[in-house]
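The following report concerns a single protein chain and the surroundings of selected side chains. Please consult the sequence and the coordinates alongside the text.

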Amino acid sequence: MIAQEQIPTVLDHPVYDTEGKKIGDAKHVFLDDATGRPEWVTVKTGMFGTSESFVPIKDASVVSDHLEVPYSKDRVKGAPHVDVDGGGHLDASEEQRLYEYYGIAWDEAWQRANEPGDRGWARGEGDGTAGAAGAAGLAGTAGMTGTDDTAAPLGDAMTRSEERMHVGTEEVETGHVRLRKYVVTEEVQQTVPVRHEEVRVVREPITDANRDEALSGPEISEAEHEVTLHEERPVVETRAVPVERVRLETDEVTEEETVTGQVRKERIEIEGEDTGVARDPGDGLGR
């Protein structure tokens, strides 16, 4: 369980589950009216923190700059919805429903609140609710309200709070890209030189150099001489050779997007006779 003095270090800080996954950011811490102990923390979950879930804080622990709770992210996100703006309090039925959801015995919670040295739970003449701390949790404050549904001034001063909008990002899948290899056939033309033989008749006169060869045969006879012709023809052969490597890489591109939300601000009115007190136009006071 965290102590009251740790509340400012919890608000607006991350909350992690049992597996080390971020659930969201802590926005409100609810205290027991009688004991003043922190009992619940609300966590902003969902896209842009649009939902707020209650988590028991009795077994939570502050680690470094975040809060760790002994529940899974899905369980926290599935907790019963409770209106955290309903006067800054939990009524008995809402709190019992939350205890049952998280598997905490109602009798056990009652007994823990009445341990020696405590004044017990405010279940009698009060409104039977647990008070809230950090009513302006979005602004990172830890002011506390009393057991009444109306805000009571602390001493002679009244705290005015307002919400601050915090915009975060959530990574989601937008599609898949894959590499696929397939085979296509293309016509390729290439010019290659080819050679062939042709017959040419050569006539030469009888000379002293070739006379003996010319007179080696019969004087008058029939004869024939054959010459074999040759030519080159193109031959096509294909071979597979590697030409390049192809892979997929992702580049991170940052774009600007405008997000619109609503924030609430408290205004304080001065009732009664005009005291003539000068005020700053920006102090949030109304007439």
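The side chains of glutamate 39 and tyrosine 99 are joined by a polar contact of 3.2 Å. A polar contact is a pair of N or O atoms within 3.5 Å; within protein, one must be able to donate a hydrogen and the other to accept it, and residues adjacent in sequence count only if both atoms are side-chain atoms. Glutamate 39 belongs to strand 3 and counts as buried, because its relative accessibility is 4%. The accessibility classes are buried (under 20% relative accessible area), exposed (over 50%) and partly exposed (in between), with a 1.4 Å probe and protein chains only.

**Basis of the model**

This is a predicted model, in which residues are numbered from 1 along each chain as its sequence is written. Local features need pLDDT of at least 70 and side-chain atom pairs count only at pLDDT 80 or more, whereas totals for chains, interfaces and linings use all residues; side-chain values use heavy atoms, with hydrogens and water left out.

The predictor's confidence in each residue is given as pLDDT, from 0 to 100. The protein chain averages a pLDDT of 76, and 73% of the residues score at least 70. Confidence is highest in strand 1 (residues 14–16), at a mean of 91, and lowest in strand 7 (residues 132–133), at 38. Over residues 116–155 pLDDT stays under 50, although the model has 111 contacts beyond four places in sequence for them. A contact means heavy atoms within 4.5 Å. Where pLDDT is low, the predicted coordinates should not be read in detail.

**Overall architecture**

The protein chain has 5 helices and 9 strands. Helices (H or I, at least four residues) and strands (E, at least two) are DSSP runs, numbered from the N terminus. Read from that end, the order of elements is α-β-β-β-β-β-β-α-α-α-β-α-β-β. Of the 287 residues, 25% count as buried. Among contacts between residues at least 6 apart in sequence, 59% join residues at least 24 apart.

**Tryptophan 40 and its surroundings**

Strand 3 (residues 38–45) also contains tryptophan 40, which is buried because its relative accessible area is 0%. Leaving out residues up to four places away in sequence, tryptophan 40 touches, among others, Phe30, Phe54, Leu90, Glu95, Tyr99 and Tyr102. With glutamate 95 the side chain of tryptophan 40 makes a polar contact of 2.9 Å.

The structure holds 5 aromatic pairs. Rings of Phe, Tyr and Trp (its six-membered ring) pair if their centres lie within 6.5 Å; planes under 30 degrees apart count as stacked, over 60 as edge-to-face and the rest as tilted. One of the pairs is edge-to-face and consists of tryptophan 40 and phenylalanine 54, at 6.4 Å centre to centre and 70° between the planes. This pair links distant parts of the chain, strand 3 and strand 4, across 14 residues. Phe30, Trp40, Phe54 and Tyr99 form one aromatic cluster. Of these, phenylalanine 30 is located in strand 2.

| Item | Value |
|---|---|
| Trp40 to Phe54, C-alpha to C-alpha | 6.3 Å, 14 residues apart in sequence |
| Phe30 to Leu90, C-alpha to C-alpha | 8.5 Å, 60 residues apart in sequence |
| Phe54, relative accessibility | 1%, buried |
| Phe30, relative accessibility | 2%, buried |
| Asp12, relative accessibility | 25%, partly exposed |

**The nonpolar core**

A nonpolar core is a set of buried Ala, Val, Leu, Ile, Met, Phe, Trp, Tyr and Cys residues joined through side-chain atoms within 4.5 Å. The largest such core has 28 residues, and those with the most contacts inside it are Trp40, Val41, Val55, Leu67, Val69 and Tyr102. At least two residues of this core come from each of helix 1 (7–10), strand 2 (22–31), strand 3, strand 4 (51–56) and helix 3 (92–101). Strand 2 supplies the largest share, 5 residues. Beyond four places in sequence, the contacts of leucine 67 include Ile2, Val10, Tyr16, Val41 and Val62.

**Further local features**

Aspartate 12 is placed in the loop between helix 1 and strand 1. Its phi is near 65°, a positive value in a residue other than glycine.
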